[in-house]
Every structure is written in structure tokens, then in C-alpha cells.
Amino acid sequence: GLSAGAFLTVSILHLVKPDRFKKTVTGGVWTAVAALAIGLLALVSEVEKPFQAMILFKSFVNGSSWMTVGAWLLLVTFVVFVLSALFTTDKIADWLGSACKPLGRARAGINKVLAVIGIPLALAVAVYTGVLLGAAPAIPLWGTWLLPALFTVSALDTGVAAVSIFAAAMDRDEGIERVRATLEKAVIGLVVLEAVVLAAFVLTMQGAGADEARAIGLLTEGALGVQFWLLVVAVGLGCPLIAAITQLVASRQKGKVGPAVPVGGAACALVGGFTLRFVVLAAGLHAALVSPAALQAAQGALMLIS
């Protein structure tokens, strides 16, 4: 999610303002590459035979499986992200241009093409995690379209947050203040949207059935309640919202806010995004094989017999 959101953010910035804000764009692209690489390693480590899974054309051949679709999607996306990072980084791009002059002359066009190709791939990766989880019918909590929607908004939120760190702490290019303000406005919109989708997810699951209500109860009032309310809601949504509003108010009043505020708000968004996925996975209880009514009747019969 972080990888997809970061690449999407810097790709839009690069297409709107080519050859500008290079530290922000370069930092965001490499963040996307690193995050996706970690995600791929984590995914491979979960399969029964990790080394065999790395040979995709032998292991992932069932086109009707979401795991197969996702594996190939992640591979193609990773290649595009890596190429974009190489051609975005000046030193590497200059070396490639000196080794192959046509590549040097076509650098701007290559970056644009990679950004255009990478944007839909990033969106697909952001949606994919929720779709994959929804394909597990034994976990009622995940069987709703609201889960892909929630994970997608969270991906965009964390991606914008990661890019805003580079814009606030490293980039001094002319006009970066407007970029920072735009990123903060995006953070506010995404936080509000994520809060709405999260509330809809919780309320929908509470009223969906006994299994869904039991699972969502772990988040709202059970063993995962502290992580959910403190790290997801307060830290992951509340703190970035306050930090973004503080920066916008200060900029309109011609005041200055140190980099600690945007970096701190972005760090909170990353913590909240990670925790959100963790608690949703942890709350994914299997559906009861026997209905509560039948179980109660069986217990009553046993008591009667005894």
C-alpha cells in the first residue's frame, strides 16, 4: 500500500511538473521500490516453498487464482518502479546516458512513459490486497467490497505521507511550498475519506451477521481495541489531520512551521496505516462451523442427558 501510494503521488507530481522537485520525486520513487521489495519478500516467505515460488512461470500458472494474478502484477509493477527509480536518479541516469546515448536523449520521454504505465499499476496493487483477502470465503470479516476500498484509501494516505516527508525535510526547490500545501490538502481529504470508509466498514460488519460482529468486536472492544483506537484512529488519523491543518493555517497567516510537524504527522500516518492492516488481518476469525443456535441446542441436550 505504501509503495503504490508513494509511486502514484510522485508520478502525478512528475507529470505535472517535469524536471522539478527532484529530491521529492526521487525519494518517493525509491521509497516505492523499497516498500514493494519488502512486501514481495514477505509474501514469498509465507508460501510453503519460498525458493520455488520465486520461479513465477512454474509456480504461478493458475490464471483463475488471485494469488497468481497478484504475483504477476507485483512482478511487473516492481520492474516498472525500479526502471522509474533508475531513470529518475540523476547520477544513475547520467551513467546510463553515457553508456548508451539514445537512452540519455530519451530520458524525459522514458520517465513520462513509466509514470503513465506505473499509475494504473500502482492503483491495481493498492486494490489487490483487499481483493485477495476477500477471496477467502472462510473469513467473513474480509468478505466485503469495503475492505479493498479501505486498503486503497489507506495506501494513498500513507503514500502521500511518505512523499511529504521528502518535500518537508529535503527539498528546497523553488515552489516547493505550494507542493507542500497541496500534499497537506490531500492528506486532509484522504484522512477524512479513510475515516468515513473505516466507519462504514465497522458498522456494516457489526450488522452483517454473528461471525462478522464477533470479529469486528475484537477491533472495537476486544483484544485489539487498544491498537485500533489508539494507533489507527488517534495516531493514524487524528495526528496527521491536526498536523496538516496546522501547516495550512500557518502558511495562510504567513507563518512558518518547522519540519518536525509535517514529518511527525507523516510518521503517524505510516504507523496508523501499518496498524490498520495488522488489526484487520488479526481480527480475521474463521466462520463458525456450527450456528450459535444449534450449538446452544446441542449443549442443552447434553445437559438433559447428563
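Author: A contact means heavy atoms within 4.5 Å. In this predicted model, Gln247 is in contact with Glu184, Val257, Val261 and Pro262, leaving aside its neighbours within four places in sequence. Local features here need pLDDT of at least 70 and side-chain atom pairs count only at pLDDT 80 or more, whereas totals for chains, interfaces and linings use all residues. Residues are numbered from 1 along each chain as its sequence is written, and side-chain values use heavy atoms, with hydrogens and water left out.

Reader: Is Gln247 buried or exposed, and in which helix does Gln247 lie?

Author: Buried means under 20% relative accessible area, exposed over 50%, and partly exposed in between, with a 1.4 Å probe and protein chains only. Gln247 has a relative accessible area of 15% and is therefore buried; Gln247 lies in helix α12. Helices (H or I, at least four residues) and strands (E, at least two) are DSSP runs, numbered from the N terminus, and the chain has 14 helices and 0 strands.

Reader: How is the span of helix α13 to be read?

Author: The expected span of a helix is 1.5 Å times one less than its number of residues. For α13 (residues 260-282), the 23 residues should span 33 Å, and the end C-alpha atoms are 32 Å apart, which agrees. Buried residues of α13 include Pro262, Gly265, Cys268 and Leu276, and the buried residues of this helix pack against α8, α9, α10, α11 and α12.

Reader: At what angle do α10 and α11 pack?

Author: Axes are lines fitted to C-alpha atoms, for helices over the stretch in contact, and angles run from 0 to 180 degrees between N-to-C directions. Angles under 35 degrees count as roughly parallel, over 145 as roughly antiparallel, 65 to 115 as roughly perpendicular and the rest as oblique. Helices α10 (residues 176-206) and α11 (residues 210-220) pack at about 135°, with their axes 8 Å apart, and the pair is therefore oblique. In this contact, Phe201, Val202, Met205 and Gln206 of α10 meet Glu212, Ala213, Ile216 and Thr220 of α11.

Reader: Which residues have the most contacts inside the largest nonpolar core?

Author: A nonpolar core is a set of buried Ala, Val, Leu, Ile, Met, Phe, Trp, Tyr and Cys residues joined through side-chain atoms within 4.5 Å. The largest has 62 residues, and Leu141, Leu198 and Phe201 have the most contacts inside it. Helix α10 gives the most to this core, with 11 residues.
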